[in-house]
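The sequence and structure are shown first.

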Amino acid sequence: MYKVFVNDKPLFLTDKIEKETDFQLFLLDSVDIDKIIIKYFQNKIDKAFLYHPDEKAMMKRLKEKIPVQKAGGGVVYNAEGKVLFIKRNGKWDLPKGGIEKYEEIADTAVREVEEETGVRELKVIKKLPKTYHIFKRNGKYRLKITSWFEMSTSYDGALIGQAEEGIEEVVWFDKEQIKEAMSNSYENIKLLVEEAGLLSE
């Protein structure tokens, strides 16, 4: 199952047909994806499932229906075990950004962390789960697929938010602060933070 966020609400891709109660179920092959997305943005849908019998093929089918934008980002730990966060549009987020031509996705993640936060000496440790969300750009809906990487750094210099990307703050958070920050963050970031084990005691 995949969880794609639309207007910060979940759209599930599933290979199981469940009895509808508090959600709507659509067939991925025949659905008009734009119509569903519009309903999400109009707050007419809070949760929906797109059904496809083949779990391996369902993300491919979705990508055929909506243009994809790839991005890379980092969950960065410093020497004290704190994690790097940015504040953008008044919400706590993790540094990430779009891939450039001929770039490997891990290189995208490192470059974006450096550009958005000023942090250097980054070392990629391992891949983390991808996140998926749909957004609107130039009147068109796009599926953003972000590949995340756990990184470490010994950098302890100044944190400089990239102003042209609308970054208001860059901070190192410990686990308690992360927990607090998640009350003012995005659902896909909450999911990633949970999967990365940042909320466990």
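## Overall dimensions

Along the principal axes, the C-alpha atoms fill a box of roughly 50 × 40 × 30 Å.

The model is predicted: local features need pLDDT of at least 70 and side-chain atom pairs count only at pLDDT 80 or more, while totals for chains, interfaces and linings use all residues. Residues are numbered from 1 along each chain as its sequence is written, and side-chain values use heavy atoms, with hydrogens and water left out.

## Composition, surface and charge

The protein chain holds five helices and 11 strands. These are DSSP runs numbered from the N terminus, with at least four residues (H or I) for a helix and at least two (E) for a strand. Of the contacts with a separation of 6 or more, 68% join residues 24 or more positions apart; contact means heavy atoms within 4.5 Å.

Buried residues make up 45% of the 201 residues. Buried means under 20% relative accessible area and exposed over 50%, with partly exposed in between (1.4 Å probe, protein chains only). The accessible surface of the chain comes to about 10,700 Å², and 47% of this surface belongs to carbon and sulfur atoms. Such areas come from the Shrake-Rupley method with a 1.4 Å probe; for residues, only the protein chains shown count as cover.

The chain carries 34 positive and 36 negative charges, whose mean positions are 6 Å apart. Lys and Arg count as positive and Asp and Glu as negative, whereas His and the chain ends are not counted. Each charge is placed at NZ of Lys, CZ of Arg, CG of Asp or CD of Glu.

Strand E2 spans residues 9-14, and six of its six residues are buried. Lys-9, Leu-11 and Leu-13 lie on one side and Pro-10, Phe-12 and Thr-14 on the other, so that both faces are covered.

Two strands pair if DSSP finds at least two bridges between them. E2 pairs with strand E1 (residues 2-6) in the antiparallel sense over five bridges, and Val-4 stands opposite Leu-11 in E2. Two residues separate the strands of this hairpin, in which Asn-7 takes a positive phi near 55 degrees. With strand E4 (residues 48-51), E2 pairs in the parallel sense over four bridges; here Phe-12 stands opposite Phe-49.

## Two buried residues

Val-76 lies in strand E5 (residues 68-77) and counts as buried at 0% relative accessibility. Beyond four places in sequence, its contacts include Val-83, Leu-122, Met-151 and Trp-172. Val-76 and Arg-142 are 66 residues apart in sequence, and their C-alpha atoms are 27 Å apart.

Glu-112, in helix H3 (residues 105-117), counts as buried at 8% relative accessibility. Outside four places in sequence, Glu-112 touches Gly-72, Lys-96, Gly-97 and Gly-98.

## Loops on either side of H3

Most residues other than glycine have a negative phi. Tyr-102 has a positive phi near 65 degrees and is placed in the loop between strand E8 (96-98) and H3. With a relative accessible area of 79%, Tyr-102 is exposed. In the loop between H3 and strand E9 (122-137) lies Glu-121, which has a positive phi of about 55 degrees.
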